[in-house]
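Please read the following explanation with the structure displayed beside it.

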Amino acid sequence: MSGKTMVRYSDEELAEFKELIEGKIAEAKENLAAYLEAYSNAGNDTMDTAPTFKNLEEGNMVLSKEENGQLAARWEKYIKNLEAALIRIENKTYGICRVTGKLIPKERLRIVPHATLSYEAKMNQNK
């Protein structure tokens, strides 16, 4: 028997994080749907066929459409990261820093539930 034990969160703690993440995914999917709807509907009205004499308004609509597209892409990435966190929960590797191998504090995981780095590892990465 080796003296090395796997450091991980308990099944009960993992279940708590799973519930938190599933709620975040549902919320994110609602936000994504709203941005995708705004993206697909921006500029698709009767003004599309009218003479273009309101350039400023059209510019705002295009910018808004671009912003909605960017925000939708960010929500998609966030959802994928959360879904990856669910897989780590199933594998019982959730909450373990991929750099240090230590547990990421619960406080950080509650704020950033898809985190794979401890705060210290994240700060060292940004140097």
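A salt bridge is a side-chain nitrogen of Lys or Arg within 4 Å of a carboxyl oxygen of Asp or Glu. Arg 8 and Asp 11 meet this condition, because their closest N and O atoms are 3.1 Å apart. The model under discussion is a predicted one, and by this rule six salt bridges are counted in it.

The overall plan may be described next. The secondary structure consists of four helices and zero strands, so that from the N terminus on the elements run α-α-α-α. Of the 127 residues in the protein, 23% are buried.

Most residues other than glycine have a negative phi. Lys 92, although it is not a glycine, has a positive phi of about 60 degrees.

Another salt bridge joins Arg 110 and Glu 16, with the closest N and O atoms 2.9 Å apart. This pair links distant parts of the chain, for Arg 110 is in helix α3 and Glu 16 in helix α1, 94 residues apart. Arg 110 counts as partly exposed at 39% relative accessibility, and Glu 16 is partly exposed at 38%.

The aromatic residues come next. A search of the whole structure finds three aromatic pairs. One of them is formed by Tyr 9 and Phe 17, which are arranged edge-to-face, with 5.5 Å centre to centre and 65 degrees between the planes. Phe 17 also pairs with Tyr 94; this pair is tilted, with 5.1 Å centre to centre and 50 degrees between the planes. Phe 17 is in helix α1 and Tyr 94 in the loop between α2 and α3, 77 residues apart, so the pair links distant parts of the chain. Tyr 9, Phe 17 and Tyr 94 form one aromatic cluster. Are its members buried or exposed? Tyr 9 is buried, with a relative accessible area of 6%; Phe 17 is buried at 2%; and Tyr 94 is buried at 0%.

Helix α1 also holds Ile 21, which is buried with a relative accessible area of 0%. Ile 21 and Glu 83 are 62 residues apart along the chain, yet their C-alpha atoms are separated by 8.2 Å.

Which residues form the positive surface patch? They are Arg 74, Lys 77, Arg 98 and Lys 122. Of these, Arg 98 lies in the loop between α2 (55-90) and α3 (106-111). Its relative accessible area is 58%, and Arg 98 is therefore exposed, the cut-off being over 50%.

Definitions and conventions. Residues are numbered from 1 along each chain as its sequence is written. This is a predicted model: local features need pLDDT of at least 70, side-chain atom pairs count only at pLDDT 80 or more; totals for chains, interfaces and linings use all residues. Side-chain values use heavy atoms; hydrogens and water are left out. Patches are made of residues with over 30% relative accessible area and no salt bridge: like charges are joined within 9 Å, nonpolar side chains (Val, Leu, Ile, Met, Phe, Trp, Tyr) within 5 Å. Accessible areas come from the Shrake-Rupley method with a 1.4 Å probe; for residues, only the protein chains shown count as cover. Lys and Arg count as positive and Asp and Glu as negative; His and the chain ends are not counted. The place of a charge is taken as NZ of Lys, CZ of Arg, CG of Asp or CD of Glu. Helices (H or I, at least four residues) and strands (E, at least two) are DSSP runs, numbered from the N terminus. Buried means under 20% relative accessible area, exposed over 50%, partly exposed in between (1.4 Å probe, protein chains only). Rings of Phe, Tyr and Trp (its six-membered ring) pair if their centres lie within 6.5 Å; planes under 30 degrees apart count as stacked, over 60 as edge-to-face and the rest as tilted.
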